[in-house]
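Good morning, and thank you for making time for this item. I would ask you to look at the model on the screen while I go through several of its elements.

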Amino acid sequence: MERSKWRDRRQSARHNRRQHNQWRYREHYSHRNQHYDAGESNEQNSSRMSAGEPTSSTSVPSDVPELPGFYYDREKDRYFRLLPGNNNCNPLTWEAINKREMEEKRLKMLEEDAINTRVARMGMNFISLARKRHCGLMNFQSYHQLVHELKISRMRRNKLTIQSSDSSTTSNFRMILADTNCERVLVVKNDVIGYKYGIVNLNGCMKGSGLISVSLCDNLYFTFRKGTSICWASLSEEDSHILLCMTGHAETPGSINLLPTSIFSNSSTEEPPQMLCNFKSPTVWTCAWCYNPQADKCFSTGLQHRVVVTDAVTGKKQIFSTSRDVLAQQFARRVPVLYNGCRSGEIFSIDIRQRTKKWQSWKCSHFFHQSAVTSIRLLQDENYLLAADMIGKIKLWDLRMARCVRQYDGHHNKHAPLPIHVNEEVGILLAVGQDHYTRIWSLKDGCLLRTIPSPDSGCDAIPSIVFSARLGGSRGVPGLLMAVKQDLYHYTYKTDL
C-alpha cells in the first residue's frame, strides 16, 4: 500500500512539472509572437497613415484579455455578450460591430479630408521640391510627377449640380465612363423600373469656382435589361457610337447594341437603334473596340467559354474557344492584338490577323493570376499590362517576359467585377474597392498616395470614377469625378500649395 502511494505521488508530481513547463513554453512564445505581430501591424499602419488608409480596430487591446463569446467596448470599458444570429432583435453581432466601426472611420476620414492635412509622401512638400529642382537635384519629369502627387493629396470635394430635365429621384448612378478627350461622360442609372443610359456634357470651368459645369442630355435610352459592359466606339468618327452588352433572361439570349451618340442629343429625331447581334450565350461579360487601322471597325465580346470578334460593318465573325469565361478585354493600338482576362485567372492574347487551324494554338502569350481577372489595362508603350482580380490583387506585368514586375497593395475586392483606371500623364493608378474607398497609387513605384472614403454610406454606395488632367476638353480643369448614388462630385486640385 505504501509503495503504491509513493508511486502515485511521484507520478502526480511529474505530471505537474510537465504541465508547468508547457505553460511557460506557451507563455514565452505567445508573448514573442504578439510582440512580432504588433510590430508588423504598426509598420503597416504607419505606411498607410500618410495615404489615409483605414486600419482595422476590431481586435481587443493587448492589455485586455479576449473572452470567447464576448465583445469589449473601449468607450464603455466593459464586456458585452455576443449572441448568435444576425437580425434586428440582436444588434450586437460581429457584423454589426464591424459595420459601426467602419462607419466611424469613414466619417473621421471625411472630416480629415475637409481639413486637407495629409501629404502624398512623408516629408514631401512643395518648397522642398522647388528647392531640389532649383539646385538641379531633380529632373523635370520627376518634379512634374511629384507636384501632381502633392496636388492629388490635397484635392477637395465639391458637389456638382447637374442640369437635367430628368426629374426622377430614385435613379442611382451605376457607372460613368469618359470619352477619349474627356469632353463627354456616359452615365448609367438604374431605378426600380429599369436602366437609363445618357450622356453628360462637361462644359468647362465655371467662372471663379474652378469647378466644371455639367449638363445631362434630355434624351435617355431606356431598357429593362441589365447592361454588363459598355465602351465607346469610333464607327463613323471618334467616339461616334456606344457599344453596349446586354444580359439575356428566360428565352431571350444575350446581345450587343451599337448606339449612335446622336440619339442622346436634345434635338435628335432618330428612331431607337436596332440590335446589332445576338448570342446563344445568356451572358455577355465584356466588350472592347479596336482602334488599330488593320482591324478597323471591329469589336470583340467575351462570352461563356469563347471570344467573338465581329466586323461592325460586314458582320463577319471570328470565334475563339476558351476553357473559361472571358471577363475583361482590351485591344492594343499599335497591332490588332486582343488581350483577355478569364475567370480562371488566365490572361492571354490573340492576334486577330492570324488564320489558325484546329490543331494550331492561337494564343500568342499567356500568364496567370491567382483569381478571376476583373479588369485589364494596357500602358501606352504596350509592353506592360495592369490586371486586377477578385481577391484584390493589382499587378503590373511585363508582356515581353510574362513576369509580374510590380504589385499595388491595399485594394479590396472579394467577388465584384470592379474596374481599374490609369492616367499615365499624371502617373497614377486608381481603383474603387468593395469597401467603398477610392485608392490612388503612384504608377511608378506603387506607393499609395491617397485613400478617399465614399461621401455616402450604404451597401449600394460604391463610387464610379473618372480622372483626367483636363476634364472638359483641352481647356478643361484637372480633377476626379465621382458618382455616388444620385450625386456627382468633383475633386479639384488645390492651387495654393
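How far apart are the end C-alpha atoms of helix H4 (residues 140-153), and what span should its 14 residues have? The end atoms are 20 Å apart, in agreement with the 20 Å that follows from 1.5 Å a residue; the expected span is 1.5 Å times one less than the number of residues. Helices here are DSSP runs of H or I with at least four residues, and strands are E runs of at least two, both numbered from the N terminus.

Before I continue, two notes on the source. This is a predicted model, in which local features need pLDDT of at least 70 and side-chain atom pairs count only at pLDDT 80 or more, while totals for chains, interfaces and linings use all residues. Residues are numbered from 1 along each chain as its sequence is written, and side-chain values use heavy atoms, with hydrogens and water left out.

Returning to H4, its buried residues include Tyr143, Leu146, Val147, Leu150 and Ile152. Buried means under 20% relative accessible area, exposed over 50%, and partly exposed in between, with a 1.4 Å probe and protein chains only. The buried residues of H4 pack against helix H3 (126-134) and against strands E27 (428-432), E28 (438-442), E29 (448-452) and E30; contact is taken as heavy atoms within 4.5 Å.

Strand E30 (residues 464-471) leads us to E31, to which it is joined by six bridges in an antiparallel arrangement. Strands count as paired if DSSP finds at least two bridges between them. Ser464 has Ala483 of E31 as its bridge partner. Five residues lie between the two strands of this hairpin, and Gly472 in the turn has a positive phi of about 105°.

Strand E31 (residues 477-484) is mostly covered, with seven of its eight residues buried. E31 also runs antiparallel to strand E32 (residues 487-492), again through six bridges, and Leu480 stands opposite Tyr491 in E32. In this second hairpin two residues separate the strands, and Lys485 takes a positive phi near 55°.

Finally, consider Tyr291, in the loop between strands E14 (286-289) and E15 (298-303). Is Tyr291 partly exposed or buried? Tyr291 counts as partly exposed because its relative accessibility is 29%. Leaving aside residues up to four places away in sequence, Tyr291 touches Trp232, Ala233, Ser234, Asp239 and Arg333. Its C-alpha atom is separated by 8.3 Å from that of Pro336, 45 residues apart along the chain.
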